[in-house]
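Please consider the following notes alongside the sequence and the coordinates.

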Amino acid sequence: MPLEIVPSIDLRAGRVVRLKQGDYARQMNYDVDPLQTAAAFAEAGAQWMHIVDLDGAKEGRPAQTELIARLIAATPLKVEVGGGVRSTADVRRLLEAGASRVVVGTKAIEDWEWFTAIAHDGEFADRLVLALDARDGIVATRGWTAASTLRATDVARRVTDWPLAGLLYTDVSKDGMLQGPSIEQTIRLAQAGRVPVIASGGVGNIEHIHQLKDQPFWGVIVGRSIYEGTLDLREALRVVVAE
């Protein structure tokens, strides 16, 4: 299967934004309408969209579910949503809002017993994505403001036979910087287990897509590069299906 190009919308107070290296003090605002942006992704030929509730990630609870539901309803895209998911009720709420997948990060790492239970609950089979945000391979939590002692590859091995939809791997040092993805670290994660891996962070141009297209990843998240015009989504989608 070709690499899935997954354009993203990061929301803060209803606006489309991006953070550099996960730093809320280094926020970039984009003068684009979220609904029009989602429609443009679909028109370009994308099949999936990634939405991050940055307010939710910071506050520890989904904060923009109403807007997210409108975004999901407005396009034919399949959508994965994350940011502030801390309970089973949060997961259900986002699925009821139309999400195809829900991304869980901080809560999973900090309450592994809970995540183990929900991941093996048939209600959520293949609908949960475990977010592993890392610096130098060490998992970070709470909107990337806290570090754990876990290696991302160890987590991948632990969940290799779980019915998860994917592992979303973000190198915090690369995210929002457009200087290239962390391919080596992401390959290590993909080789550590059998759960499909989604690469995130650092994609800045079409050359980065060429570098990623033949790697053992299910997909790649692209964000800032689309908004700033350094990557054309249509071209990226063409590259991954080319012989």
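1. Arginine 224 has a relative accessibility of 13% and therefore counts as buried (buried is under 20% relative accessible area, exposed over 50%, partly exposed in between, with a 1.4 Å probe and protein chains only). Its side chain meets that of glutamate 228 in a salt bridge, at 2.9 Å from N to O; such a bridge requires a side-chain nitrogen of Lys or Arg within 4 Å of a carboxyl oxygen of Asp or Glu. Glutamate 228 is partly exposed, with a relative accessible area of 35%.

2. The model is predicted: local features need pLDDT of at least 70, side-chain atom pairs count only at pLDDT 80 or more, and totals for chains, interfaces and linings use all residues. Residues are numbered from 1 along each chain as its sequence is written, and side-chain values use heavy atoms, with hydrogens and water left out.

3. The count of salt bridges comes to 11. One of the pairs joins the side chains of arginine 101 and glutamate 80, at 3.3 Å from N to O. Arginine 101 belongs to strand β6 (residues 101-104) and glutamate 80 to strand β5 (residues 78-82), so this pair ties together parts that are 21 residues apart in sequence. Helices (H or I, at least four residues) and strands (E, at least two) are DSSP runs, numbered from the N terminus. Both arginine 101 and glutamate 80 are buried.

4. A further salt bridge links the side chains of aspartate 90 and arginine 93, at 3.0 Å from N to O. Both residues lie in helix α4 (residues 88-96), three residues apart, about one turn of the helix. Aspartate 90 is buried at 8% relative accessibility, whereas arginine 93 is partly exposed at 41% relative accessible area.

5. Which residues make the contact between α1 and α11? Phe41, Glu43 and Ala44 of α1 meet Leu233, Arg234 and Leu237 of α11, where contact means heavy atoms within 4.5 Å. The axes of α1 (residues 34-44) and α11 (residues 233-241) come within 9 Å and cross at roughly 35 degrees; axes are lines fitted to C-alpha atoms, for helices over the stretch in contact, and angles run from 0 to 180 degrees between N-to-C directions.

6. The buried residues of α11 are Leu233, Ala236, Leu237, Val239 and Val240. They lie on the same side of α11, because they cover an arc of only 160 degrees around the axis, taken from the directions from the helix axis to the C-beta atoms. These buried residues pack against β1 (4-12), α1, α9 (206-212) and α10 (224-227). The face turned away from the buried side of α11 carries the exposed residues Arg238 and Val241.
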